Amino acid sequence: MDEQLKNFIKVWISATISISYCYYISARIKAGVFRLLSVLPVCVLFLVFPLFFSSVHFSGSIAFFLSWLANFKLILFSFDQGPLSPLPLTLSRFICFTCFPIKPLQNPKSQDQLPKWVFAIKVAMFGALLHMYEYKQYMSPSVLLVLYSLHIYLELEFALMLVKVLVLITLGCDLEPQSNEPYLATSLQDFWGHRWNLMVPAILRPAVYTPVRRLAQRIMNSDQALFLGVFATFLVSGAVHELIFFYITRDMPTGEVTWFFVLHGVCTAAEVAVKKQKFVRRWWRVSPMVSRLLTVGFVVGTSGWLFFPPLIRSGMVVRLANEALMPIDFFNRKLFYNAES
């Protein structure tokens with residue numbers, strides 16, 4: 001683990017130098033193909049970085065922050081698009097906005113702050129969840145599926161919140177929330193577009209959805225172009241997830257994760273199309289509680305079918321839990337050792 005930590009520090013130093021190059025050199029090149037060519041070596045480097053790690057948390061975080069989000073942001077930056085355009089005024093902001101899933105809060109008055117007790121409940125749930133792994137051999141597959149889903153959600157929530165706090169201290173500016181209580185989603189469109197991991201749709205929308213839909217509208221009607229744009233967005237998301245899973249598991253992609261996102265892309269596009277029908281808006285009324293249960297149930301159920309199997313087969317879920325328990329075991333040993341002394 002010491003070697004992994006050293007590599008982690010080296011990677012972030014290299015990433016900071018690379019992004020500084022983009023800020024001082026690439027930004028001076030006119031937006032377009034030539035600026036893209038200047039940032040491509042950095043993008044390739046970011047694709048290599050996760051291979052230096054065997055830790056799930058280290059390889060996963062580097063793959064998510066640099067190989068995925070930072071690369072997409074830099075490609076958009078090459079054409080004066082995305083969260084790096086207009087160019088941030090300082091290097092520190094450029095580095096933070098490139099590396100992390102954050103962006104400045106556009107309208108502070110519109111942000112709804114959740115009560116602090118909600119976060120406290122999530123922390124308590126995570127502690128209980130880690131304890132439950134000791135009894136997983138007695139759990140049914142359905143219970144384990146819920147357990148895995150909660151683990152992924154809560155770890156991502158805590159990691160993004162930690163990043164937000166550190167960047168807030170560093171930059172001193174308010175940031176938009178990274179997620180919006182996805183378990184309250186009332187539809188797939190609401191879940192993927194407005195609640196889950198909000199920086200990802202904010203990146204994929206200008207990088208994939210908008211250009212695909214604009215091109216498609218030249219040869220097909222608006223509804224068909226919308227469907228193709230949504231489908232392409234989920235397809236790209238699935239391909240990127242396959243890459244991240246490869247970094248974490250080192251197993252060749254099976255296509256299951258891509259099919260998970262393709263399925264959700266088709267269902268989301270169909271959902272949007274159905275909602276546009278007047279008779280549906282007039283006659284179809286579902287209570288928020290029912291729609292939330294249906295939405296979250298569909299996400300969790302399809303995750304158990306297509307998303308989690310590659311992770312379970314590779315032992316990644318077990319490694320994730322073991323790594324999450326390592327700090328607790330470390331402090332317990334230290335505390336026990338001091339008490340003995």
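This is a predicted model: local features need pLDDT of at least 70, side-chain atom pairs count only at pLDDT 80 or more; totals for chains, interfaces and linings use all residues.
**Group meeting: a cavity, a histidine and a glutamate**

By class, the residues that line the largest cavity are eight nonpolar, one polar and none charged, where Ala, Val, Leu, Ile, Met, Phe, Trp, Tyr, Cys and Pro count as nonpolar, Asp, Glu, Lys and Arg as charged, and the others, Gly among them, as polar. Residues are numbered from 1 along each chain as its sequence is written, and side-chain values use heavy atoms, with hydrogens and water left out.

Let me stay with the cavity. A cavity here is a set of points, on a 1 Å grid over the protein atoms alone, where a 1.4 Å probe fits but cannot get out, and lining residues have an atom within 4 Å of a point. The count comes to one cavity of 30 Å³ or more, and the largest cavity holds about 40 Å³ of space, a volume being the space filled by probe spheres set on the points, which are joined across faces, edges and corners. Its lining consists of Tyr133, Tyr148, His151, Ile152, Phe308, Leu311, Met316, Val317 and Leu320. The elements that give two or more residues to that lining are α6 and α14 (316-340), helices being DSSP runs of H or I of at least four residues, numbered from the N terminus.

Histidine 151, one of the lining residues, sits in helix α6. Is histidine 151 buried or exposed? Histidine 151 is buried, with a relative accessible area of 1%, because buried means under 20% relative accessible area (1.4 Å probe, protein chains only). Leaving aside neighbours within four places in sequence, histidine 151 is in contact, that is, has heavy atoms within 4.5 Å, with Phe126, Leu129, Leu130, Tyr133, Leu320, Ala321 and Ala324.

Now to glutamate 256, which lies in helix α10 (residues 256-275) and is buried, with a relative accessible area of 18%. Its side chain makes a polar contact with the side chain of threonine 254 at 2.7 Å; such a contact is a pair of N or O atoms within 3.5 Å, and within protein one must be able to donate a hydrogen and the other to accept it, with residues adjacent in sequence counting only if both atoms are side-chain atoms. Beyond its neighbours within four places in sequence, glutamate 256 is in contact with Glu242, Leu306, Pro309, Pro310 and Arg313.

Conventions:
Buried means under 20% relative accessible area, exposed over 50%, partly exposed in between (1.4 Å probe, protein chains only). On a 1 Å grid over the protein atoms alone, a cavity is a set of points where a 1.4 Å probe fits but cannot get out, and a pocket is an open set with protein on both sides within 12 Å along at least five of seven lines; lining residues have an atom within 4 Å of a point.
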